[in-house]
Every structure is written in structure tokens, then in C-alpha cells.
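Subject: Structure handover

Hi,

Here is the structure I promised to pass on. My notes on what turned up in it follow below.

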Amino acid sequence: MEKFENKSNKILYDNYTTRSSSIVFILALFLPSLLTSVVALIVGVDKLSSNMWLYYTVLALMQVVFFSIFFAYNKIGKYNIKKCSKIYFNLDYKQILVIILIALVSVFSFSPLINLFQAILKLLGFGAGSSEGVNQYLTNFGQFILNAIVVGIMPAICEELVFRGVILNGFSKYKKWGMIMLSATMFMIMHMSINQSIYQLFLGIVLALVVIETGSIIASMILHLTNNIVILLSNYIYNINGIVAETEYNFNAWNCIYPILIAIAGVIAVIFLIKLLRYITKRKNLKNNQTINENETQSQTSKVLQNTPITKIKGLDEKSSDLFWTLFGFVVGVVTWVASIL
């Protein structure tokens, strides 16, 4: 059995499990919210939302919680962080450009659909989206830089380590689209926002795909960062120019049809770009002589599975144990998400 050893000669595991995904997701779901609730209880909800520095301190601490969950789980569980989370800085400029294009297409093609969806939710009695707090502190360049750090860079790193690092790879026993949909749905649930749910689910799928196609979590970090910065920059430009979004959505036939058409076109464009990213990655690997034959691939997969912690539950076989852990995290998340909406 091939195992990785660190400088302290401690044996480290090479792969996460469904238990990893479930436990880390539940911690990521509740601990940041618990932090916010404690601060709000101490200082008051009004002060938390009205004091800019307190507001952004809490946002930054929430990301620190995500990173702490990731680091602590890997440390306690004795996982090889780099290998398990695919932290490889091996992307070339072509891959990075395609990833940025994917982010841009995703943001702009889904914006009209998000507006339509939020307008429909408003008719049904749901409130505004969660970006209002950020927008009120986005009126000058200094605030934009602050937002870029706390709302742009930090989530792109910390949330990706949790969701595309641990959670996505923890579902590796499932087929490709099982991994993708489970991790993307959990990513959507974590944000606890029905207003942004459509885009967060789509974004979660795309983020998982770029990691799978490139073999590096750095790809999803770049995409996530680009997505965040583009949204912040758009809101900043609107704010400094005094552009106010319409309070009432005009539900005519065209306003209901064109957002769907643009979103469909965006999905098609993203599929094409993902295929292009796959092609570029394969060409790069061939050029660097990184390809391996089918027998070697199977041998390596077998070694990885052998060096995975045993997570069987007493009385259940391995497959049933994996299903239990998957359902445990997923059901807890769905119940919490529905409760927060209602």
C-alpha cells in the first residue's frame, strides 16, 4: 500500500470520503451563521448592519471560519491537503483565460434571469436579496477595495477549499455528475438565499466542472474570484453613477422570455468553453508528457482508494455507509435551507 508521509513521518490519507463531505458541509453550514448570531446578540442587529467596519469584520471572520474548518479537518483527520484538495499551481495562461471567459459568460447571461426570478419571488412575498448590505457600502473606491478583499478574494479561496476542496472530492466514489450536483446543491444551500439560488446552483456546477477538467482547485478559485469581482464592479459603477434598479418589474411577454433565452445561450456558451478547457488541458498534458495509459490510471486509482480512511458504520457495508453519510449531510442542509426560507 502506497502512502504519503510528511516531514514528521506521519502517514497522511490521499483521499476524502463521503463522511468528509457531510461533516465539513454541516460545519460550514452552521458555524459561520453561529458566529453572526453571537455577534448580533452582543452588539445588536441594528448596529451590526449599520456599522461598516463591524459588518465587514464579521464577513471576514466568517471566511476565516471556513478556512479554519478546512485546516482543522485535514489536520485532525490526517489528510494530505495538497493531494486531497488538488491544490496544484499548474495552470497556463490559456487555461486561465478560458476560465475567466466562463466566469464572465456565467455572470452576464444569468443576470436577467436572476432579476426575473427575484421579481417573481417578490410577488410571492419574499424579501430582497442578501447583497443589500454590501451595496450600501460600495459608494467610493476605498469601499470597493475593501469589498474586493472581503467579498471577492476571501470567499474565492476559503469557500473553494471547503466546497471544491473537501466536499466535491469527498463524493469521488460517485459518478462525475453525482459529485457535481451534490457539491453544487450544498454550495447553494450554504448561502441560505432563495433569491440567488438559481445562479448559485449553476455557479456551483461550473466551479466543480473546471476543477474536474483541470485537476486543480486553483481553477475554481480563479473563476470564483472573477465572478465576485465582476459583480462588485458592476454594482460599484451603478452606485457611483446614481443608477437605481427599477423597484417594479415589468411583466410583459418579452421581459419574461428574453431572460430565459439569454440564460440558455449562456449555458450553451459555457458548455463550449468547458470543452475548450478540456481540450487545452489535454494538449498541455501531452506536451508535458503527463499522459498515462489506462492500466496505469486504474493502478493509481486503486492505490488512492486503498489509502482512504475506513468510514464504514457498524452493521452497514461500505456502500450503505457512503449513502448514509451522503443523505445525512444533504438532508440536514435541505431542512435548514427550507426552514430559513419559511
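In this predicted model, helix α9 packs against helix α10 through Y199, L203, V206, L207, V210, V211 and T214 on the α9 side and I217, A219, S220, L223, H224 and N227 on the α10 side. Contact here means heavy atoms within 4.5 Å. Sorted by class, this contact holds nine nonpolar residues, four polar ones and no charged ones; Ala, Val, Leu, Ile, Met, Phe, Trp, Tyr, Cys and Pro count as nonpolar, Asp, Glu, Lys and Arg as charged, and the others, Gly among them, as polar. Helix α9 covers residues 197-214 and helix α10 residues 217-240. Their axes come within 7 Å and cross at roughly 145°, and the crossing is right-handed.

A few conventions before going further. Residue numbers start from 1 along each chain as its sequence is written, and side-chain values use heavy atoms, with hydrogens and water left out. As this is a predicted model, local features need pLDDT of at least 70 and side-chain atom pairs count only at pLDDT 80 or more, while totals for chains, interfaces and linings use all residues. Helices (H or I, at least four residues) and strands (E, at least two) are DSSP runs, numbered from the N terminus. Axes are lines fitted to C-alpha atoms, for helices over the stretch in contact, with angles running from 0 to 180 degrees between N-to-C directions. A crossing is right-handed if the near helix is turned clockwise from the far one by less than a right angle, and left-handed if anticlockwise.

Helix α9 also meets helix α7, which spans residues 141-170. The two axes come within 11 Å and cross at roughly 65°, again as a right-handed crossing. Which residues make this contact? From α7 they are E160, R164 and L168, and from α9 they are G204, L207, A208 and V211.

G165 is buried, since its relative accessible area is 0% (buried means under 20%, exposed over 50%, partly exposed in between, with a 1.4 Å probe and protein chains only). Not counting residues up to four places away in sequence, G165 touches Y16, C84, S85, E160 and I217. G165 and A208 are 43 residues apart in sequence, with 9.6 Å between their C-alpha atoms. Another residue of α7 is Q143, which counts as buried because its relative accessible area is 13%. Leaving aside neighbours within four places in sequence, Q143 is in contact with M52, Y137 and L138.

What about the cysteines? The structure holds zero disulfides, a disulfide being a pair of cysteine sulfur atoms within 2.5 Å. C84 counts as buried because its relative accessibility is 1%, whereas C256 is partly exposed at 26%.

T326 sits in helix α13 (residues 318-341) and is buried, with a relative accessible area of 6%. Its side chain is joined to that of Y174 by a polar contact of 2.6 Å. A polar contact is a pair of N or O atoms within 3.5 Å; within protein, one must be able to donate a hydrogen and the other to accept it, and residues adjacent in sequence count only if both atoms are side-chain atoms. Besides Y174, T326 touches T18, F171 and L182, not counting residues up to four places away in sequence.

Two backbone angles may interest you. Most residues other than glycine have a negative phi. K86, in the loop between α4 (81-85) and α5, has a positive phi near 60° and is partly exposed at 27% relative accessible area. M192, in the loop between α8 (176-190) and α9, has a positive phi of about 50° and is partly exposed at 26%.

Finally, the overall picture. The protein chain has 13 helices and two strands, and 43% of its 342 residues count as buried. Among contacts with a separation of 6 or more, 81% come from residues 24 or more positions apart. L101 is found in helix α5 (residues 93-123) and is partly exposed, with a relative accessible area of 42%.

Best wishes
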